[in-house]
Amino acid sequence: VPKGRMRTPPPGWVIRAVLAVRRFVIWVADRLLPPDVVVLERAAGVAYTAGIATLAKLGYAELLAGGPLGYREIAARTGCDPDATLRFCHFFATIGWLGMTPDGVFSSTPFLRALRADNPMRVRSFVEYFASRSNVDAILDIAETLRTGKNAFERVHGAVVWDYFDAHPDERETFAHAMMGLTLADAPFVAKGYPFSEVRTVCDIGGGRGTLLSEILLHHPHLEGVLAENPGVLESARELLAHRGLTSRVRLEPCDFMTKAPGAFDLYLLKNILHDWDDATCMRILRNIRAAMAPGARLLIIEGFIDRTRPDPLHAPSDIQMMLVCAEGRERSLAELHALLAQTGFTPARHFALATLGMLEAIAS
């Protein structure tokens, strides 16, 4: 994580426009091909996922950072079979992830460089998490989830994903880094997209290592922050906050938001928390936060708000992931969130559209 503020991002509408153009180009290309070809390519998606994760695990990004290498040298340095390595590299050259010469020499590309371990966006961690056996096994059980409506992860592994992570700390750490990378990408938009000048104290509930909270405080020097998390996460948060020079402006508060929230602060943040849970659990979380708030205090829900009345390429994939892996989680529409808030002591207020997420403000009634 950088010491100072993240680079000022382009306006959200620019990013949304670029994504829309990309989707349109893909849509046109798909319709110029025979449908059979498009279906076959999509069906091979699991090979792409596993292959990208293998590029990351074998350190191809670092290996080719010093310049092109022949496939035999790549095989020797990664401890792999030369023929299999040639075929593997040829596949990724075909889709543009590696450069290739006719004599079997391969070079790096921007896509490969994104997998470097020192990339602050943690793309490598996200790829490794998404391709992990526990995640893939849950995804492959999608048919049973469609039949029962229940999440696949608990059925396949005998534990909800959070308890599974407690028993598999290496996977939990990979997941934590992946989520930190996503938050790093979102944090500058949040910091610039909400009128933080209107509040003095901010409490981030379930805020991980403090990635989002620290970015907000760097943008708004008048703020004081509270990071509410479980004690183990708070220990690792100390290093990040010290690195960004914010130790004196953030109080670390041990918290289990399933039972109680700390109070009382001007503004509470919930980023990508509610989408992990079913409605009943979300109302439990919201009631705990409301009990800690003074009337008139604010809650800011930061998530991907889905619209199921029309195609939603940004949030539909995440909605499927929540359905399969999280504890009956789901992406919600603004109307669905308004209903949850109305039942838990909040009055929905302003809505702010970011590049890929949204922010819904609610006032403690």
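Biologist: What relative accessible area does Arg116 have, and how is such a value to be read?

Modeller: A residue is called buried under 20% relative accessible area, exposed over 50%, and partly exposed in between, with a 1.4 Å probe and protein chains only. Arg116 has a relative accessible area of 26% and is therefore partly exposed. This is a predicted model, in which local features need pLDDT of at least 70 and side-chain atom pairs count only at pLDDT 80 or more, while totals for chains, interfaces and linings use all residues. Residues are numbered from 1 along each chain as its sequence is written, and side-chain values use heavy atoms, with hydrogens and water left out.

Biologist: With which residue does Arg116 form a salt bridge?

Modeller: Side chains of opposite charge can pair when their charged atoms come close. The rule here asks for a side-chain nitrogen of Lys or Arg within 4 Å of a carboxyl oxygen of Asp or Glu. Arg116 pairs with Asp118, their closest N and O atoms being 3.0 Å apart. Asp118 is exposed, at a relative accessible area of 53%.

Biologist: How many salt bridges does this rule give?

Modeller: The count comes to 23. One of them joins the side chains of Asp30 and Arg42 at 2.6 Å, N to O. Asp30 belongs to helix H1 and Arg42 to helix H2 (residues 35–43), so this pair ties together parts that are twelve residues apart in sequence. Helices (H or I, at least four residues) and strands (E, at least two) are DSSP runs, numbered from the N terminus. Asp30 counts as buried, at 17% relative accessibility, and Arg42 as partly exposed, at 46%.

Biologist: Which residues are linked in a network of salt bridges?

Modeller: Glu198, Arg298, Arg350 and Glu361 are linked in this way.

Biologist: Which residues is Ile205 in contact with, neighbours within four places in sequence aside?

Modeller: Contact means heavy atoms within 4.5 Å. The partners of Ile205 include Ala228, Phe257, Tyr268, Leu270 and Ile289.

Biologist: How much space lies in the second largest pocket?

Modeller: On a 1 Å grid over the protein atoms alone, a pocket is an open set of points where a 1.4 Å probe fits, with protein on both sides within 12 Å along at least five of seven lines; lining residues have an atom within 4 Å of a point. Grid points are joined across faces, edges and corners, and the volume is the space filled by probe spheres set on the points. The second largest pocket holds about 400 Å³. It is lined by 21 residues, the closest to its centre being Phe305, Arg310, Asp312, Leu314 and His315. Helix H1 (12–32) and strand S9 (346–353) are the elements that give two or more residues to this lining.

Biologist: How is Arg310 paired?

Modeller: Arg310 forms a salt bridge with Asp307, the closest N and O atoms being 3.1 Å apart. Arg310 counts as exposed, at 55% relative accessibility, whereas Asp307 is partly exposed, at 26%.
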